[in-house]
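Work through the following exercises with the model open. Each task is followed by its solution.

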Amino acid sequence: MAKKKNEEAPPPGAPAWMATYGDMITLVLTFFVLLFSMSSLDAAKFMAMVANLQGNPYIFEVINNAANIGQTGLEQAPEIPEGDFSDPTDAWLIAAERMRGDIEDWISSSEGEGGTADLEVTIHVTEAQIVIRCKSSVLFDTLSDVLLPRGIEALAFIVEDLILPDWETGIISEVFVEGHADIRPIPPNNRFADNDILAAYRARAARRFIVDNYSIPENKIGMTSWGDTRPVDGNPGTDETQWSVNRRVEFVLHRNFFLDEQTGAGYGEDL
């Protein structure tokens, strides 16, 4: 019987083909690193994405209330001091300053009639949103969702003087109407079972007024109710002074970041 030949031991080290394979992978990695190094971040699109994640009421947080007429929402972004804007020529800041001026004019015109417009309508500016805050007492009677005559006048002022000028230029991309209530429970046997429903009906009434009387597309005007869950400055209050502040309807104007891209105007650039 023939003896089986001894098998030759493999040479030391990796097979020869591994060197070629390793060189190829290194070249591929170098190619993608080169592509990445030549790429640039689209600031306008990035900020639009951030704004949508922070301010879009259809992402992340849902109000779990079957009676809620609104949809969903997010906490408002923290307010940013005006000095943090890159340049006073920023179109968003210009829009906010114009709104403040219009509110001051409205206050002046109401002073002769004993008005309290300065306590009824205010604006609060962030990088992505302008929030117009209106006390419910100027729009509705107690425990009512029917707009008062002075409420219709206030809404007309808010839409015509504050919102429409910047909507028509494209600076604003969307409007959301948000209803808020104070922490006091609704009296028994009232048509509104709780504060969520009352705030929702009031937001719906304000939204319906805008839809019926102005040219902003209905699919660009959303609404929601926060009930008594978001008092101003986190203060639910212990007396009528703070409760009246917390009872409000807010108009949240979302910044059109894509306009910044199209016009070449971003943060700190002239239009």
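**Exercise 1.** Locate the kink in helix 6 and check the length of the helix.

Solution. Helix 6 has a kink of about 30° at Leu162, shortly before the proline Pro165; the bend at a residue is the angle between axes fitted to the seven residues ending there and the seven starting there. Helices (H or I, at least four residues) and strands (E, at least two) are DSSP runs, numbered from the N terminus. Next, the length: the expected span is 1.5 Å times one less than the number of residues, so the 20 residues of helix 6 should span 28 Å, and the 26 Å between the end C-alpha atoms agrees. After the helix comes Gly170, with a positive phi near 90°.

This is a predicted model, in which local features need pLDDT of at least 70 and side-chain atom pairs count only at pLDDT 80 or more, while totals for chains, interfaces and linings use all residues. Residues are numbered from 1 along each chain as its sequence is written, and side-chain values use heavy atoms, with hydrogens and water left out.

**Exercise 2.** Find the salt bridge of Arg191 and state what the pair ties together.

Solution. A salt bridge is a side-chain nitrogen of Lys or Arg within 4 Å of a carboxyl oxygen of Asp or Glu. The partner of Arg191 is Asp145, with the closest N and O atoms 2.8 Å apart. Arg191 lies in the loop between strand 3 and helix 7, and Asp145 in the loop between helix 5 and helix 6, so the pair ties together parts 46 residues apart in sequence.
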